[in-house]
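Here's a quick briefing to read alongside the model. Have the viewer open and follow along topic by topic.

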Amino acid sequence: MDHHAWPGDSADQPASISDEQIVRLWRANRRWVAAVIHAHKPSDVDLEDIMQDVAMKLVRNIHTLGDPEAIRPWLRTVAVNTARSAGRKTRSKMKAHASIEHEQSPDRCGHLGQTIDQPGLSRVIEDSRSRGRRALELANSLPAHYREPLLLSLRGMTQKQIGEAMGIPVTTIETRLIRARQMVRRELLAEEQNVTAGGRPGVNAEYVGLQP
Amino acid sequence: MNNHDREHNNDEVLIGRVAANEANAIEWSRFESQAAEHPGSWEELARTLRDELQMRSALEDALQGVDQVEIPSEAFDQPLAMITTRKNGAWWSGWALAAMVALAWGGMSVFMPGNGVDTVKSQNGVVQVPTAEHNGETTLAAFSPEQAYRDYVRVGTEQGRVIEELPMVMIDARPIQTGSGDPPLYEVYYVRQLLERTRVNTAFEMNRDDLGRQVPVKIDFASLQTESDL
């Protein structure tokens, strides 16, 4: 079957969506769908498995979508529900990229594995990447209504697109993004100050978890 | 919120939009005017940009590979009924898997959404059903069971009640006598299955008492296994 019935505007001849159109639709949206799944899935579940589940549901249920303009909020709902209901017994494949970077010697530059003649520069780069990873960890620990818009923003969606997908006014998205970034930065600064003062990273009596 | 707080928030909104590359020319102009009065604004912008870029880079690493996830080819090869979604073994494997039979009845108009029927709309979770007036009575306007089912699945999915549509199970198939020269026709009996979710305080299952009568028995959730396939 090459065409899936899509209730269209015409009562006489419903519009249909071809397999090729579905593939294009998936490719155009999978980037931000991955961020939504990442924001809502259990930590021990493989992201790509859930992506495949969502892709299958897109093919299976796209014809039930009455309004083609509503594809983004519809797809987000499917992604959120699929991520949340992902099997607890599924074990994720550990991605070793980050750990490989940590194992590299201070003289090497990130993923290229080339020796840098400027140890200071490579150290700056590694510190920057390490800070980015820590910031992302903190972002992942935010409450969902802050975490999701932040990850979608990092993934390149505009505030208007995020609002449309989540069914929330743009002004609310703006506020949530500001607060999310504030919380992440506040915690990062606290950890960095602790390290500078000789304390253990992340231990600070004022910041027990990220509070809105 | 006082004027100072409101102004502070507006500054943050502006810096946030500039850092996210969403600011237009007017907003950039406002930022520059603001920075002229508050020199620390450029430093704040630089810090925000740094945080943004570092997190963005880390997220790209974390989601490495997902941009290449394609729709599995079998999604298009098989009829709607036979699509399975779990790579690591279906939760229904066992009792139902043995009974599943490939169903291929594509092209039979009786199973397709009827023409000339308005799609049922969902508004604020309430399904708006088209009605008609007939002899002074309001009745449901005629629309196909397939359309009603599809709308139920759609609205249920939107509301988080419907998790997944499971493969149909064929129970029986009987040939129907057609005219000579006509393609063969079969009457198919099948079961549709939906995986749904709801929240309950108590639930009952039907069991039999000592006299063989069916009686409802309260389910003891605490005694269920802690790890389930779901």
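Let's start with a charged pair: B:Arg56 makes a salt bridge with B:Glu52, and the closest N and O atoms are 3.2 Å apart. Both residues sit in helix α3 of chain B, four residues apart, or about one turn of the helix. Keep in mind that this is a predicted model.

- B:Arg56 comes in at 27% relative accessibility, so it counts as partly exposed.
- Further along, B:Glu60 and A:Arg155 bring their side chains together in a salt bridge (3.1 Å, N to O).
- This pair also joins two chains, because B:Glu60 belongs to helix α3 of chain B while A:Arg155 is in the loop between α6 (144–154) and α7 (159–166) of chain A.
- B:Glu60 is partly exposed with a relative accessible area of 30%, whereas A:Arg155 is buried at 4%.
- There's a network of salt bridges as well, linking A:Arg131, A:Arg185, A:Glu192, B:Glu44, B:Arg50 and B:Asp51.
- Over all chains, a search of the whole structure turns up 29 salt bridges.

**Aromatic rings in chain B**

- The structure has two aromatic pairs over all chains.
- In one of them, B:Trp28 and B:Phe31 have ring centres 6.0 Å apart and planes at 90 degrees, so they pair edge-to-face.
- Those two residues are three apart in helix α2 (residues 25–37) of chain B, which puts about one helical turn between them.
- B:Trp28 is partly exposed at 33% relative accessibility, but B:Phe31 is buried at 0%.
- B:Phe31 also pairs with B:Trp42, and this is edge-to-face because the planes are at 85 degrees, with the centres 4.9 Å apart.
- Since B:Phe31 is in helix α2 of chain B and B:Trp42 is in helix α3 (residues 40–62) of chain B, the pair ties together parts that are eleven residues apart in sequence.
- B:Trp42 is partly exposed, with a relative accessible area of 43%.
- Put together, the ring pairs link B:Trp28, B:Phe31 and B:Trp42 into a cluster.
- Elsewhere, B:Arg192 lies over the face of B:Tyr149, 4.1 Å from the ring centre.

- Chain B has five helices and eight strands, in the order α-α-α-α-β-β-β-β-α-β-β-β-β from the N terminus.
- Of the 230 residues in chain B, 30% are buried.
- β7(B) runs antiparallel to strand β8 (residues 214–218) of chain B, and five bridges join the two.
- Across that pairing, B:Arg208 stands opposite B:Gln214 in β8(B).
- The β7(B)–β8(B) hairpin has five residues between its strands, and B:Gly212 takes a positive phi near 85 degrees there.

**A nonpolar patch on chain A**

- A:Leu121, A:Val124 and A:Ile125 form a nonpolar surface patch with about 240 Å² of accessible area together.
- A:Leu121 lies in helix α5 (residues 119–140) of chain A and counts as partly exposed, at 43% relative accessibility.

Key
Residues are numbered from 1 along each chain as its sequence is written. Chains are lettered from A and ligands numbered from 1 in the order in which they are written. This is a predicted model: local features need pLDDT of at least 70, side-chain atom pairs count only at pLDDT 80 or more; totals for chains, interfaces and linings use all residues. Side-chain values use heavy atoms; hydrogens and water are left out. Two strands pair if DSSP finds at least two bridges between them. Rings of Phe, Tyr and Trp (its six-membered ring) pair if their centres lie within 6.5 Å; planes under 30 degrees apart count as stacked, over 60 as edge-to-face and the rest as tilted. Buried means under 20% relative accessible area, exposed over 50%, partly exposed in between (1.4 Å probe, protein chains only). A charge sits over a ring if NZ of Lys or CZ of Arg is within 6 Å of the ring centre and within 35 degrees of the ring normal. Patches are made of residues with over 30% relative accessible area and no salt bridge: like charges are joined within 9 Å, nonpolar side chains (Val, Leu, Ile, Met, Phe, Trp, Tyr) within 5 Å. Accessible areas come from the Shrake-Rupley method with a 1.4 Å probe; for residues, only the protein chains shown count as cover. A salt bridge is a side-chain nitrogen of Lys or Arg within 4 Å of a carboxyl oxygen of Asp or Glu.
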